[in-house]
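User: Please take a close look at the helix packing in this one and talk me through it in one go. Cut-offs along the way would be handy.
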Amino acid sequence: LLRKFGEERRREGQNVTFKRADSMPFYDSDPHRTVLQMPKKMFAVAASDLMSTAAEIDEEYPRTRHDNSMSDKSEVSWPKHAAGQIPAILLLCLLNLMISIPFGVSYFPIGWRADSGELDSENSSGSEDVVDGVFPVTGKEALGIRMFLFSTFVGQVMFTFASKFKNPASCQMVENVPFCHSLAYIVIAEQGYGLEALSTLFFLFGLSSLLVGFVFYLLGRLEMGRVIYFFPSHVLLGCIAGIGIFMSTTAIEVTTDEPFSFDMEGLKGCIEKSYLLGVVVLFEVVLRVLMCITKEKGKPRFPLLPPIYFCLITPIFYLVTLLSGTPFSAIKDAGYFFPSPDICDPNDDGECVRQTILSSIFNEDVWTIWRVVNFSTISWIAVAKSIPTMMSLIAFSLIHVPINIPAFAISTNVEADFNAELVAHGYSNAFAGLFGGLQNYMTYGGSILYAKAGGEGKGSSLAVSIGTAAFFFVGPSIASYIPRCMAGTLLLHIGIDLLLEGVCDSYGNFDWLEYGGIWFITIIMTIYGMTAALLAGIASALSVYAAQSVSYQNPVRRTITARSLRSSSWNRPTEAASILDSNEIGRKKILIIQLQGHLFFGNVAQLTDNIKATLEQKKGTPAEPWIVIIDFTLVLGMDSSAAQAIGKLKDTMRKRFHIDVAIFVSGSRDGFPCKYDLSHELSCPADPADQDTINEEAALLFGGEAKMEKINTPANLVHTPRLIRSSRDTGLPIPQNLVCDSLDSALIFAENVLIARKNPCLLKDIAEFREPLTKSNNEGEFYSSDEEKRSAIIFLSNLCPGESLADVEQLFSLFKREVYNENEIIWRQGSVSDSAKLLVKGRLLSLLENEEGTLEQIPTGAMLGELGLVKGIDRLNTVQCVSDGAVLYSLDREDWDVLKRDNPRIARFIDMIIVNYLSHRIQHVNSRVFETKYLPV
């Protein structure tokens, strides 16, 4: 089945590789796993070291793509894959049950008591200030737990089929608990504490969920999901860190069964319940130690250690209790377990008799959620008074999804369709509201924990739904048998990792203003809550915008093909030139996109959309590019959000538009103008152990001059890339992604790729002409061979296109061979021009002595000094040998004067070389005015 799936995707043009679920780490400290250190590091949440498992699109193991011998293994891997899902399913179901207990018992005001009292429930009245009455049905806490689980169940089913994510996890929108209390106060004030009030309240719960679902659906259908792109990365990280602190405090509250606050009262409560908190801290410390000692080369050896560890906490606690000989009743009275829910049947004396788990399933109280609503008893006055509160609830519900979806998309390295996710949230809330349920959403912490534990696919998600539905019946009874330390350890572990991801792992990946904004948002959220944190995030984003953006301008300066914007390598062989001039396979297949200005979260969406639209327009047409060059030379600065988007654009161009090679021009040897190491991510660097092989193979595409000097990278490259075989076979291994420090080097490489695709031997022949020099004796003299003269004649012929070989040889007969050693000066600026020279072997450097840093390498096969020879002007530059040795053939002034007198037709060749060179030079400079580099040679 896996092989069939892969074959179908390959026919659609996608490269698919299946990885065994048991071979992928659950926790991984690789810094490239999420989006802040691209390609993946923007927000990994439930644990700082999590990596996804199972099938994923990847180019890392190309040998497995067409290997039919894997079919038997694929069939065997299904049971293994299913078995690998079990811990994730159990973990998420238990997490739902654990969260349902503290939040489920808090949906109704504390004063609306579950036990009997002296007040008359029919006649009592209440207000928001004073609520003191009897809850009209039995099992108030059990009812709340089931309300949570039902909303979570509906959301899980809807997200399974409507969400584009492979591993969404639903959760009741617990942030709306205060609104539940506000609605209860309004209803109690109108109808008291009786069953009529509960009927109106559940109607309001369902109505508010329907309205929330309608708004979500409308936003998705109107394609307003692009608003998500305006959430900067550091704002999301600040919210994530704040959520981490919230999760940690929730762990304390769940463990101690008391509210926690950051003051002396909160500290005093922790000290008083230290015997409960100590167990949680001990379990967390043991897990951290196990994770550290089981790492191998920075990566975990046992991927499922954390989820299995969480599942084992309960049996370990029971075992320790049994071995210690402590009575279970004493442990329960001490607060180590959750209290038993109020599920009971009155006996003949009116006393409460505890139900068994089995009897609770068939008890009529299970269906209270749907039995309590009676439209004839609904107070429409209370409904009208509740409208402002419901409007606030809707607005507050919309806050969380724009945070959860982009954060989860970044953590799992998925390009999410936000509009589709908004529609999915519309369905989930609408269906929950139809049956009187509360609001729900795709939870970030639960989804990332579920994904990184190995959970994915519709089957696994449906299993979570079934498990949640089962807990709907038995959960209230099971909850009392689960120790608090299980929930406390799980919540504390997630909270600590969320906090570390937000404020620690992001350190060094943002500038000081962005990183300060992360701390600012985290502190504001901790003290004042989510709404205040989003306001702080807006203020932080505006500050970053003001600091990093001088003025707004279109980030795309121009889009042009290499037919108009050519490289400086103009003296190519005739056959190579004909390939590059072809409309079908030539320079027209190279697309250059030049960027400008500041790239930040406010315009990066426009940038990526423009590039995608351009590629989409050319897709399937004769103008469809094979190579795309994105030039950042004129980009003044980038924030981390823009860097992240560029990293994802690289994968989109390859997978969606089938671009063979994507070349990114940094414009500087120091890399891109941002704190984030974008060069490393875009170039997909190769393993250092393979550098020698890579450089040797890449030398042809890099002009045969990939000599290593002090750095382990070919000239003009920021990183040595990983090489693969192109889908359009060139016969040579080429990198899919490349980072060059100049546009010219990128164009030369792209042109070489086109030549290699048509005729790889042509590049090899050119490279042979540029072989290093060999010495003939101890005095340092170099060999003068027939091969060398043949190379010189070919180079001279390339400079005289259309002329016969006999005429070229006649011209070459006047040239005299010269040899120069390393660092030797060929001529100095201002000296007399007495010759023109042809560089056959070696490397020369042209520089202007009065302008430090203005230099240019002279390529092999170029002629230099011809303008001074013809016009009689002094040398305009200094030329120096920078290789071990260089061989030049020189035409001196005496021979030139004789040639002009005796054979002016042949002498005209030199004139045409000057014309062609100047024509090329003018075109080259006009196309690159921003480079401000012009050296007369």
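Analyst: Of the contacts between residues at least 6 apart in sequence in the protein chain, 79% link residues at least 24 apart, a contact being heavy atoms within 4.5 Å. Bear in mind that this is a predicted model, where local features need pLDDT of at least 70 and side-chain atom pairs count only at pLDDT 80 or more, while totals for chains, interfaces and linings use all residues. Residue numbers run from 1 along each chain as its sequence is written, and side-chain values use heavy atoms, with hydrogens and water left out.

For the overall picture, the chain has 32 helices and 23 strands; these are DSSP runs numbered from the N terminus, H or I of at least four residues for helices and E of at least two for strands. Of its 937 residues, 55% are buried, meaning under 20% relative accessible area, with exposed over 50% and partly exposed in between (1.4 Å probe, protein chains only). The chain exposes about 40500 Å², and carbon and sulfur atoms supply 58% of that; areas come from the Shrake-Rupley method with a 1.4 Å probe.

Now the packing. Two packed helices are described by the angle and the distance between their axes. Here axes are lines fitted to C-alpha atoms over the stretch in contact, with angles from 0 to 180 degrees between N-to-C directions.

Start with α9 (residues 305–324) and α18 (residues 484–503): their axes come within 9 Å and cross at roughly 150°. That makes α9 roughly antiparallel to α18, as angles over 145 degrees count as such, under 35 as roughly parallel, 65 to 115 as roughly perpendicular and the rest as oblique. On the α9 side, Phe 310, Ile 313, Thr 314 and Phe 317 do the touching, and on the α18 side Cys 485, Met 486, Thr 489, Leu 490 and His 493. That's six nonpolar, three polar and no charged residues, taking Ala, Val, Leu, Ile, Met, Phe, Trp, Tyr, Cys and Pro as nonpolar, Asp, Glu, Lys and Arg as charged, and the others, Gly among them, as polar.

Thr 489 and His 493 turn up again around Glu 284, whose contacts beyond four places in sequence are Thr 489, Leu 492, His 493 and Ile 496. Glu 284 sits in α8 (residues 274–293) and counts as buried because its relative accessibility is 4%.

Next, α3 (residues 140–162) and α15 (residues 418–434) have axes within 9 Å, crossing at roughly 145°, again right-handed. From α3, the contact includes Phe 150, Met 158 and Phe 159; from α15, it includes His 425, Tyr 427 and Phe 431. By class, it has 10 nonpolar, three polar and no charged residues.

Then there's α6 (residues 233–256) with α19 (residues 512–528), packed at about 35° with axes 8 Å apart. This crossing is right-handed too. Among the residues that meet are His 234, Gly 238 and Gly 242 of α6, and Glu 514, Gly 517 and Thr 522 of α19.

Technical notes: Left-handed = near helix turned anticlockwise from the far one by under 90°.
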